[in-house]
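Biologist: I am new to this one. Please put it on the screen, and I will ask as we go.

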Amino acid sequence: MPSDRKTELRVGRLTKAHGLKGALKLELFTDTPEQRFVPGAVFRLQVPADSAWHDRTLTLTELRWYNSHPVGFFDGVDDRTAAESLVKAILWVDQDADELPHEEDAWYDHQLVGLRVERDGVVVGTVARVDHLPAQDLLAVDTASGEVLVPFVSALVPKVDVEAGVVVVTPPPGLFEEPADDTDDVPVSDTDDEPASDDVDQSVADGVDEPASDGESAPDDER
């Protein structure tokens, strides 16, 4: 008997318009597309807030395969222009939480939210949510100094123990530390209160403006 506990699952992403009749290529995040992507299946759309599709759902009319790539046709998406407005949209479905299959090294968002996050055996925060971006997933961690986003990859998140309620992270130095206040380390000149030197730049004395800086700054990797 189905329970009242529901969760949302991310099952696919619309990647590219296909043809002229509104079809879209799909990236699948499910091992059972034959169950998820059937005619009449309804998906909640994750799109930017300024998208015309924000806060709407999408109903599948047909799923076809072209050269081993899944292509979906959806109700109300009748031409290429409409299809292109949906590119990068993420598809979500409701799922009975008690019927979720167990996969090794795979977790659902609701299983991760609320877990404590530990680094070197010390609790640094709790998982607030999981952000699903096209490039990678991010763990949003609530800490005493604010939110920290940790790429959800094995190199930085080597262990997830849902039963123990813990996520172990090995972030690079500085990710969970507050930025240092360098003002205390700046030496105070003993001559701050002394009058300016008589040796004034001649261009300034003559009233000639110095040339303005180009406004360029060093690239991030040179700062």
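**A first tour of the model**

Modeller: Among contacts in the protein between residues at least 6 apart in sequence, 49% join residues at least 24 apart. Keep in mind that this is a predicted model.

Biologist: How many helices and strands does the protein have?

Modeller: The model is predicted, and its elements are runs assigned by DSSP. The count for the protein is four helices and 12 strands.

Biologist: What share of the 223 residues counts as buried?

Modeller: Buried means under 20% relative accessible area. Of the protein's 223 residues, the share that counts as buried is 32%.

Biologist: Which element gives the most residues to the largest nonpolar core?

Modeller: That core has 24 residues, and Leu14, Phe43, Leu58, Val77, Leu86 and Leu91 touch the most other members. Two or more residues each come from strand E1 (6-18), E2, strand E3 (42-46), strand E4 (57-66), helix H2 (80-84) and strand E6 (90-96). With four residues, the element that gives the most is E1.

Biologist: Which residues does Phe43 contact, leaving aside neighbours within four places in sequence?

Modeller: Phe43 is among the core residues that touch the most other members. Its contacts include Leu58 and Leu91, which are also on that list.

Biologist: How many residues make up the second, separate core?

Modeller: Val124, Val127, Leu156 and Phe176 are included in it. The number of residues in this second core is 16.

Biologist: Is Thr143 buried or exposed?

Modeller: Thr143 is found in strand E9 (residues 137-143). It touches Val124, Gly125, Val148 and Phe176, not counting residues up to four places away in sequence. Its relative accessibility is 17%, and the cut-off is under 20%, so Thr143 counts as buried.

Biologist: Which residue's backbone oxygen lies 2.5 Å from a polar atom of the Thr143 side chain?

Modeller: The atom on the Thr143 side is a polar side-chain atom. The backbone oxygen at 2.5 Å belongs to Gly146.

Biologist: Why does Thr30 count as buried?

Modeller: Thr30 is found in the loop between strand E2 (23-28) and helix H1 (33-36). Beyond its neighbours within four places in sequence, Thr30 contacts Val11, Arg36 and Phe37. Thr30 counts as buried because its relative accessibility is 15%.

Biologist: What separates the C-alpha atoms of Thr30 and Gly12?

Modeller: Along the sequence, the two are 18 residues apart. In space, C-alpha to C-alpha, the distance is 7.3 Å.

Biologist: Which backbone nitrogen lies 3.0 Å from a polar atom of the Thr30 side chain?

Modeller: Here the side chain of Thr30 supplies the polar atom. The backbone nitrogen at 3.0 Å is that of Thr32.

Biologist: Where does the charged end of Arg10 sit?

Modeller: It sits over a ring, 4.2 Å from the ring's centre. The ring is that of Phe29.

Biologist: Is Asp78 buried or exposed?

Modeller: Asp78 has its place in the loop between E5 and H2. Its contacts, leaving aside neighbours within four places in sequence, are Leu20, Lys21 and Gly22. The C-alpha atoms of Asp78 and Gly22 are separated by 4.6 Å, though they are 56 residues apart along the chain. At 59% relative accessibility, against a cut-off of over 50%, Asp78 counts as exposed.

Biologist: How does His54 count by its relative accessibility of 40%?

Modeller: His54 lies in the loop between E3 and E4. It touches Val47, Pro48 and Ala49, not counting residues up to four places away in sequence. The value of 40% falls between the cut-offs of 20% and 50%, so His54 counts as partly exposed.

Biologist: What is the phi of Ser68?

Modeller: Ser68 lies in the loop between E4 and strand E5 (69-74). At 64% relative accessibility, Ser68 counts as exposed. It is not a glycine, yet its phi is positive, about 70°.

Biologist: And what is the phi of Asp120?

Modeller: Asp120 is found in the loop between strand E7 (116-119) and strand E8 (122-132). Its 72% relative accessibility makes it count as exposed. Asp120 is not a glycine either, and its positive phi is about 55°.

Notes: Residues are numbered from 1 along each chain as its sequence is written. This is a predicted model: local features need pLDDT of at least 70, side-chain atom pairs count only at pLDDT 80 or more; totals for chains, interfaces and linings use all residues. Side-chain values use heavy atoms; hydrogens and water are left out. Buried means under 20% relative accessible area, exposed over 50%, partly exposed in between (1.4 Å probe, protein chains only). Contact means heavy atoms within 4.5 Å. A charge sits over a ring if NZ of Lys or CZ of Arg is within 6 Å of the ring centre and within 35 degrees of the ring normal. A polar contact is a pair of N or O atoms within 3.5 Å; within protein, one must be able to donate a hydrogen and the other to accept it, and residues adjacent in sequence count only if both atoms are side-chain atoms. A nonpolar core is a set of buried Ala, Val, Leu, Ile, Met, Phe, Trp, Tyr and Cys residues joined through side-chain atoms within 4.5 Å.
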